[in-house]
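Subject: Structure handover

Hello,

Here is the structure for your files. My notes follow below it.

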Amino acid sequence: MLIKNPQASRRAYPDDLRAVMNIKSAQESGIWLSHWNQINRSVTPLWDLPDAAEAFGIAQLCLKDESVRSPLGSFKALGAPVALMRLIARLWSSEAMFDPRVLINGGYSGLLEGLTVISATDGNHGKSLAAAAQAIGCRCVIVLHANVSVEREKSIAAYNAEIIRISGNYDESVEHAAHLAQTNGWHVVSDTSYEGYEAIPRDVMQGYGVIPDEVVAQLESSPSKAPFTHVFLQGGVGGLAAGIATYFWEHYGVQRPTFIVVEPQQADCLYQSAIEGYATTATGSVDSVMAGLACGEASPLAWKFLEPCVDHFMTISDDDAVKAMQTLARGTERDAPLVVGESGAAGYAGVTVLAQNPEQAREVGLTSESRVLVISTEGATAPNTYSELVGESAQSVLARQQEWLQGCAVR
Ligand SMILES: Cc1ncc(COP(=O)(O)O)c(C=O)c1O
């Protein structure tokens, strides 16, 4: 399913939005995060996939590979840690000045012993929050809904977080975390907003701005320097899409790329928000193989940024996502084999679906001149699920990637 968003326009990035989300804060987030040993020092690769572009009938297809951003395995490593650092700075603003480098490396742990942070998660956000809390030296409680796999639970618990499992869905886990925080005087560090709760999700989204900041620099140092005409962004509650789209919108202004948000059919809260004209809930079961995108309620804060600039919203099936994972893992002579997880593959799956449907491709303006960016937001964050779905382990795909790179060096 594909719809055009009637509210999207091509004006310059408005000042009232810039006051909340802006390139300056995104770059500051990048500097703060660079002090953390869980963030890799080098920028993440921007893979050119010429064979895929040719098959889709477009000029270029690039994939920004967030699987290698951090040992945590996903782009979420850019969100919760910086939001937690900014929360601590706000909480102690009258007593202490925190040096971000010292803070993220546990230098103030004595002061922060009594601090407990809590969040609901479908996996990646909670893992990043748990890892950041452990590094900083505060307590972390993570609320998991019924569909989060045991494999994902273990990977969060490995960072010393206390796990609470509920029988309900993602949105109920968000409510449960908010209730526990209120009862116990804990602090919610969530990637989704709700009434009266916006500062932390804003900081989470702002952290994701590191990705487009790198993309712009990578393009500037590329031979053609040609900007992307289309950016496909997968949507859970909308934070990733808002963090990336606002950066490109501010940077390129009226020349911004066309933005297309891709969601699972069963968790289409952003698609439904575009139909209704306000942040609303999904129509489906909210149970998808794309675990990170299985969110039933759009973040109202993210929606504030998405509504005026996302040109199209589309949904894909679980099967589309799995096929995209398999295609990317396989690679071709000119396209490297890539480890892309279930939610990570959604943007690429969105391009595939449109390219196979000429009418829809025309509707979003995909032509032989189009230069398309997709973001792989995770690698094999649930390694057993990855192996089952792809029919090969992530290690084996990575070994083939190494061979492919050596082949390139020889050619
Ligand atoms: C791998 C991955 N991609 C994309 C998303 C979507 O991000 P958001 O919920 O901010 O829209 C998530 C969310 O958890 C995720 O884990």
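How many helices and strands are there in the protein? There are 19 helices and 11 strands, taken as DSSP runs (H or I, at least four residues, for helices; E, at least two, for strands).

This is a predicted model, so local features need pLDDT of at least 70 and side-chain atom pairs pLDDT 80 or more, while totals for chains, interfaces and linings use all residues. Residues are numbered from 1 along each chain as its sequence is written, and side-chain values use heavy atoms, without hydrogens and water.

The C-alpha trace spans about 55 × 45 × 40 Å along its principal axes.

Now the ligand. It sits in the largest cavity. A cavity is a set of points on a 1 Å grid over the protein atoms alone where a 1.4 Å probe fits but cannot get out.

The shell holds 16 residues (a heavy atom within 4 Å). Asn 124, Gly 236, Gly 238, Leu 240 and Thr 377 come nearest. By class, the shell has four nonpolar, nine polar and three charged residues, with Asp, Glu, Lys and Arg as charged and Gly among the polar.

Polar contacts (N or O pairs within 3.5 Å):
- Thr 377: a polar side-chain atom, 2.7 Å from a ligand nitrogen.
- Gly 292: a polar backbone atom, 3.3 Å from a ligand oxygen.
- Asp 122: a polar side-chain atom, 3.4 Å from a ligand oxygen.

Taken alone, the ligand exposes 390 Å², and the protein buries 99% of that (Shrake-Rupley, 1.4 Å probe).

Best wishes

Definitions and conventions: Polar contact = N/O pair within 3.5 Å; in protein donor to acceptor, adjacent residues only side chain to side chain. 1 Å grid on protein atoms, 1.4 Å probe; cavity = no way out; pocket = protein on both sides within 12 Å on 5 of 7 lines; lining within 4 Å. Sits in = over half its atoms within 2 Å of the grid points.
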